[in-house]
Amino acid sequence: MMNALAALHVERPLWLLSLVPAAALWLLARRGSDPAQQWRGVIDPALLPYLLTGGDQRARIPPADWLFAAMALAATAIAGPAWQREPSPFAEAKPPVAIVLRVTPSMLTEDLAPTRLDRARQKLADILAAREGASTALIAYAGSAHLVLPPTPDSAVILDLAKALSPEIMPKQGDDLAGALALARRALAGIGQGGAILLLADETLPGSVESLPAGSPPVTILALRDAESAGLAEVAKTLGGMVVPTTPNQSDVAAIVRRLDRGDNAAGIAGEGDHWSEAGYWLVPILALLALPWFRRGWGVA
C-alpha cells in the first residue's frame, strides 16, 4: 500500500488545471443560489435572520455542488491517475521479417524434391505458421530485385504470391542479391520496428554483397541445396548472419524461428518496455451516479 501511494501520480497533470475554472463557476453558482445573499442589499442585516424562513433546516445538496463534484472527478479521470506499471501490449509482439526469395533457373533443380523453389515455399509456409500474426514482407530477385508485398500479417496472401513466382516471370536473369537485401532493409525501415531478413536461396556469386554495408537488421540464410554453398557462407560472414542448412524435418524451421524471434530483432517493439497502468476508468461509475440527479424534473432550477 505504501509503495502504491509513493508511486501515485497523474499521466496528464495539465488537465487538473481545469479544476480552477470549475471551482470559480461553483462559487458563483453558490452565491447566486443563496437567498440570504440576495436580500442583504435590501434588508437590514440585523433583521435578516428573523425575516428569512427555513434557514435552520438542512438543505439538500444543491445542483451546483453535484456539478462541481462531477467536474472534479472527470478532470481527475482524464488526468490519468496511476500507481502501478504493467507490460506493454507490444512487448510480446513478434518482430517483422523481410523474406528474400531467389527466383532463378537454378532454383528449379530437383535435388530437393520436388524442386528447390517448391521446398522454399514449403519451408516458408512452416515459418509463417510458427510466426502467426507477425508482419512479413516478400521480395523476389534474380537479375533484379522486386518488392512483391510490403510488410503484412496476412500469411495467406504471402504464400499465394510466393506460389505465383517462377523464373519465367522475372524480368531479368542474374543474381542481384545486394539489391534484394537493400530493398529488404528499406521495407523494414518503412515500418520502424527493427526486424530481421530471411534469405531463401540455393547459391550466390562470390562477392555479391561487397557493395552492401554491414549492419542491422540481421540476416538469416536458409540454404536450399543438398551441399554447402561457399557463396552463401561468404554472405553470412560479410553481413554477420547465419546459414541454416535445409533439413528433411522441422529442425531448420525451429532454428530459424528462434533466431527471427530473438529480442534484439525487435528493438522497436520490445523496447517499449513497461508503462504506467492508468486507473482513471474506475472513477467513471461514480461519475455516472453523480449524473443521475440531473434526470429529475426541476433539479437544475430548484
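In which sense do strand 7 and strand 8 pair, and over how many bridges? In this model, which is a predicted one, strand 7, covering residues 219-223, and strand 8, covering residues 242-245, pair in the parallel sense over four bridges, and one of the residues concerned is Ala223, whose bridge partner in strand 8 is Pro245. Between them comes helix 9, residues 230-239, and together strand 7, helix 9 and strand 8 make a right-handed β-α-β unit.

Let me turn to the nonpolar cores. The largest one has 29 residues, of which Leu101, Leu198 and Leu200 touch the most other members. At least two residues of this core are supplied by each of strand 3 (97-102), helix 6 (116-130), strand 4 (136-141), helix 7 (155-164), strand 6 (196-201) and helix 10 (251-260), with helix 6 giving the largest share, five residues. If we take Leu200 and leave aside its neighbours within four places in sequence, we find it in contact with, among others, Ile99, Leu101, Met107, Leu124 and Leu222. Another core, of 24 residues, lies apart from the largest one, and includes Ile139, Leu177, Leu212 and Ala236.

Lys123 counts as buried because its relative accessible area is 4%, where the cut-off is under 20%. The side chain of Lys123 is joined to that of Asp252 by a polar contact of 3.0 Å, and, again leaving aside neighbours within four places in sequence, Lys123 is also in contact with Leu222, Thr246, Thr247, Asn249 and Val253.

Note on methods. Residues are numbered from 1 along each chain as its sequence is written. This is a predicted model: local features need pLDDT of at least 70, side-chain atom pairs count only at pLDDT 80 or more; totals for chains, interfaces and linings use all residues. Side-chain values use heavy atoms; hydrogens and water are left out. A nonpolar core is a set of buried Ala, Val, Leu, Ile, Met, Phe, Trp, Tyr and Cys residues joined through side-chain atoms within 4.5 Å. Buried means under 20% relative accessible area, exposed over 50%, partly exposed in between (1.4 Å probe, protein chains only). Contact means heavy atoms within 4.5 Å. Two strands pair if DSSP finds at least two bridges between them. A crossover is right-handed if, with the strands pointing away from the viewer, the path from the first strand over the helix to the second runs clockwise. A polar contact is a pair of N or O atoms within 3.5 Å; within protein, one must be able to donate a hydrogen and the other to accept it, and residues adjacent in sequence count only if both atoms are side-chain atoms.
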